[in-house]
Amino acid sequence: MRIAIVGASGAVGQEFLRVLDEQNFPIDELLLFGSSRSAGRKYTFRGKDIVVKELKHNDDFEGVDIAFTSAGAGTSREYASTITKHGAIMIDNSSAFRMDEDVPLVVPEVNGDDAFNTPRNIIANPNCTTIQMVVALKPLNDISPIKRVHVATYQAASGAGAAAMDELMEQHAQLVRGEEPTIEKFAYQLAYNVIPQVDVFTDNGYTKEEMKMYNETKKIMHAPSLDVSATCVRVPVMRAHSESIWIETEQPISIEQAREALSNAEGVVVLDDPAQKKYPMPLDIANEDPVYVGRLRKDLTCANGLSFWVVGDQIKKGAALNAVQIAQYMIAHGKKF
Ligand code: 2RA
């Protein structure tokens, strides 16, 4: 297969290189694209050096089977037709097309079959916070439909990209040296702080990040009446997002039922032994593939309520890995590239 990565120098682009290799993805030729700034950089994949080409409106995507794109919504919008016009499937990590009716929004463990309905040759990869949440919601929703979700996120610097991760490290170093911290990527100093804002505010008082969780969950789970109220918070963690989730289901679900369903669910690992102080934490889950669930308990405020804690690597399952798994799902279910 001929595979392209667009945005190859970014945090997610670099993760694509690692994940494609780890997953032993079948690749005859890998093409890397980026902005004029990253064009000319060289990355090694399976022992071969590949030079990043500048993304341009030309025929570079002729013969490409799948293009994994992660270069921002503006770039995705501008280059979608250039990328797909010769038949390539574009699996896009940006927010550009997620809510378009003719673009499927896919998490393979939840709605993998939607990936086969691609009138525009585009498949959207959901936002990282939504991906890890719906992977955990699906097995519970299969027992009894979820009526509503409350969620508070604890989002790592990685969600804002490689430069944001550098900024967090640099802030710590600057503070230790007694210097003023550099603040460019976040609204405030993130080191030794938490910031209750991810992305910009919308008119209803929620941020765009919070509204992504609201809208994307409905689309992925085919549940237009499933409402999600989210508070998204940036925390001084390098990599892997955490989420505290409360759900209300139509029928009560016992802890035993929930634990069994989550333990058997694809892509989920239950790590939940309070007596042994065992629960998932971002420091341990960074670089892991599955979504981890712990702190499973009844919600004391709601007869049909459950509460639990979910941690997933934002760059992996929240971005590159989910996109690669979409392609793997399609291949496993008969798609010929
Ligand atoms: C963040 N959700 O964590 C974003 C990245 N897609 O900032």
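# Exercises on a predicted model

Q314 sits in the loop that joins β14 (305-312) to α9 (316-332), where helices (H or I, at least four residues) and strands (E, at least two) are DSSP runs numbered from the N terminus. The model is predicted, so local features need pLDDT of at least 70 and side-chain atom pairs count only at pLDDT 80 or more, while totals for chains, interfaces and linings use all residues. Residues are numbered from 1 along each chain as its sequence is written, and side-chain values use heavy atoms, with hydrogens and water left out.

**Exercise 1. Determine whether Q314 is buried or exposed, and find what Q314 is in contact with.**

Solution. Begin with accessibility: Q314 is buried because its relative accessible area is 5%, and the cut-offs are under 20% for buried, over 50% for exposed and partly exposed in between (1.4 Å probe, protein chains only). Next, list the contacts, meaning heavy atoms within 4.5 Å: apart from neighbours within four places in sequence, Q314 is in contact with C128, S158, G159, A240, H241 and A319. Finally, look at the side chains, where Q314 makes a polar contact of 2.8 Å with S158. A polar contact is a pair of N or O atoms within 3.5 Å; within protein, one must be able to donate a hydrogen and the other to accept it, and residues adjacent in sequence count only if both atoms are side-chain atoms.

**Exercise 2. Locate the residues that UniProt lists with Q314 under "binding site", and state which of them line the largest pocket.**

Solution. The record, an unreviewed entry, gives S9, G10, A11, V12, R37, S38, S158, G159 and Q314. These positions extend over 306 residues of sequence and are also spread in space, with up to 25.1 Å between C-alpha atoms. The lining of the largest pocket takes in S9, G10, A11, V12, R37, S38, S158, G159 and Q314. On a 1 Å grid over the protein atoms alone, a pocket is an open set of points with protein on both sides within 12 Å along at least five of seven lines, and lining residues have an atom within 4 Å of a point.

**Exercise 3. Describe the two residues that the UniProt annotation "active site" covers.**

Solution. According to the unreviewed entry, they are C128 and H241. Although they are spread over 114 residues of sequence, they cluster in space, the largest C-alpha distance being 8.3 Å. From this set, C128 is part of the lining of the largest pocket. C128 lies in helix α4 and counts as buried because its relative accessibility is 8%; leaving out residues up to four places away in sequence, C128 touches E209, H241, Q314 and G318. H241, in turn, lies in strand β11 (residues 241-249) and counts as buried because its relative accessibility is 0%, and its side chain reaches the backbone nitrogen of A156 at 2.9 Å.

**Exercise 4. Examine helix α4 and find where its kink lies.**

Solution. Helix α4 (residues 128-143) has a kink of about 35° at L137, shortly before the proline P139; the bend at a residue is the angle between axes fitted to the seven residues ending there and the seven starting there. The helix is mostly covered, since 12 of its 16 residues are buried, and both L137 and P139 are among these buried residues.

**Exercise 5. Work out which residues are around the ligand, and which side chains lie at a polar distance from it.**

Solution. The residues around the ligand are N127, C128, Q155, G159, A160, V198, E209, R234 and H241, each having a heavy atom within 4 Å of the ligand. On the oxygen side, a polar side-chain atom of Q155 lies 2.8 Å from an oxygen atom of the ligand.

Note on methods: UniProt positions are given in the numbering used here, feature names are shortened, and annotations may be inferred rather than shown by experiment. On a 1 Å grid over the protein atoms alone, a cavity is a set of points where a 1.4 Å probe fits but cannot get out, and a pocket is an open set with protein on both sides within 12 Å along at least five of seven lines; lining residues have an atom within 4 Å of a point.
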